[in-house]
Amino acid sequence: MSNETTNTAVAENGEQLVHGAKLDRIYCTNKERIVYTVKNSVAEMSLGNFSMGSDIYLYQIFGLKPLALAKARAGLTLFDMLNDPLSAVIVDRMRTRWGKFKPFQFGTIIPSTLLGMFNCFMPLIALFFGMNAHEKLIMYMASAYIGETIGALFSGSGYIDLVFTPNPQERTSLLTAAKFLADIYAKIPSQIATVIFDLVDHGVIKMDLIKVYVIMNTAVWAITTIPSFIWAFVSKERVPQSIKPPKASASILSVFKNKPLLIYTLSGAIDNIQIGTAESLYFRNVLGLNSFGTVWGIPGGPISYYSYVLAPKFRERFSTKTLWLLQRFSIIISEGAFFLVGLAGGMKYKLYAKVGVMGVMFMLGNCLEMVFYATKKIVGTEISYEVQDYCEWKNGFRVEATTGLLTNYWGKVQGYLLNLINAWILEKWTGFESGALAVQSEKTKYRLFIMAYGPRLIPDILCTLPMFFYNIDTKTRERMYHELQEIRMKKAAEVEKLANDGNEQVSE
């Protein structure tokens, strides 16, 4: 524990701070604030519907077969589930002079850089060696196994964002700034990508789609990765951990005693039951425009920026739970209306394939969603932080890794099953043809639309039900952070006393 961390818990006159007196203190240095903001804003940069792991990338750019990939992921899921418990125990029991998470931050830099570069060039490597679908699958899965191994060994690297400041207001303000900046420029790569790939698809740009993808993906990867590495060197841990690591049994029990976490996890588990196909396949193969969402989303742009003005006002008036429900219902209304209009008339009138009709519906729904855009981007992260702090408040220690393990464990099984189901739907039920030059039948196009929007409305609605029982209201939240301040002061004082006692013994 650094001296800086200890000093934040003690008043200048040496007396204990009064109840909640330091909740408005700024803890981070200017360098940390800048790097954190940049890191979290560029982290949202991607190629959007063309990013690695997307359906368009996997099945059309890289040319994998949906069912073959889904089956191959079974072993990866099992491997991931076996190594996660071990990594969680290691992370939550880690105590070093640099902090709990700093060693993991530094350790991940080299291996993740090498793997990231390989993933960027993987489609070009497959093209150069003329690999068939089976050989591509082997290379892709080898990369996935290596990635899971790196993730397990250094899984503690991401938790630093939970403990770099003990002040929830400071954390929220920095997160808001990062999300606002992300709205300004983070979408640019995906918007450019959709336009360029449209030009490639229609023969305006005479260049291989795979080469275009590799160039753009490598640039985005570099931009998003470099700030994360800088963050490893400038970030500090300021939320003191318990001196004695909790037992594994106590860690697990603390998670099940955390009612807000269990409710939020249940809601997330329901929300993740996304049966169907990606809307990007619908845009590309039915409407014929990769840039459909970008073009028809333009009117919602100014509203999304104004939503950052509305977000603080919403935050003052409503609880975290209410804000989460408001943004979720805006999505349900938007997607529900879009689906019903496209479904009207079926294959006879083909409204689902008319760019003008569906574009207007997309625009109207998107404008509604944009009212709560900033709220959505902030409140989800805030809840994830909030339930971790609740655990510390109720149990006296933090178990980020164990919490992540138990909350994500079902997600891994669920993810594999859904991949298998969705791959079967895409390949067998819709009749989708893989490959960049494949042509889809009219029946396939209609079914792509149905599966892109219909089934997901059910979990979108059902996931709201558990959140009505989320028990951290505004008063409870305020009380929690006031009392946490006192708990953390005591921890920091204990650490300082142990450090001073150790120095005295060494001097003797």
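Select E44 to begin: at 29% relative accessibility, this residue counts as partly exposed, a label for values between buried, which is under 20% relative accessible area, and exposed, which is over 50%, with a 1.4 Å probe and protein chains only. Keep in mind that this is a predicted model, in which local features need pLDDT of at least 70 and side-chain atom pairs count only at pLDDT 80 or more, while totals for chains, interfaces and linings use all residues. Residues are numbered from 1 along each chain as its sequence is written, and side-chain values use heavy atoms, with hydrogens and water left out.

K377 lies in helix α20 (residues 373–395) and E44 in the loop between α2 and α3 (55–61), so the pair ties together parts that are 333 residues apart in sequence. The helices here are DSSP runs of H or I with at least four residues, numbered from the N terminus. K377 is buried, with a relative accessible area of 13%.

Stay in helix α20 and select T375, which is found there and is buried, with a relative accessible area of 5%. If you also mark T320, 55 residues away along the chain, you will find the two C-alpha atoms separated by 9.6 Å.

Next, select E170 and R33, whose side chains meet in a salt bridge of 3.4 Å, N to O. E170 lies in helix α9 (residues 168–185) and R33 in helix α2 (residues 30–42), so this pair ties together parts that are 137 residues apart in sequence.

Move on to R328 and D271, a salt bridge with its closest N and O atoms 3.0 Å apart. R328 lies in helix α17 and D271 in helix α13 (residues 259–271), so the pair ties together parts that are 57 residues apart in sequence, and both R328 and D271 are buried. To see how salt bridges can share partners, select R171, E382, E386, D389 and R477, which are joined in this way into one network. By the rule given above, the count comes to 16 salt bridges.

Return to helix α17 (residues 320–343) and select F329, which lies in it and is partly exposed, with a relative accessible area of 35%.

For the last stop, select K350, placed in the loop between α18 (346–349) and α19 (355–371). K350 has a positive phi of about 55° although it is not a glycine. Most residues other than glycine have a negative phi. At 33% relative accessibility, K350 counts as partly exposed.

Conventions
Helices (H or I, at least four residues) and strands (E, at least two) are DSSP runs, numbered from the N terminus. A salt bridge is a side-chain nitrogen of Lys or Arg within 4 Å of a carboxyl oxygen of Asp or Glu.
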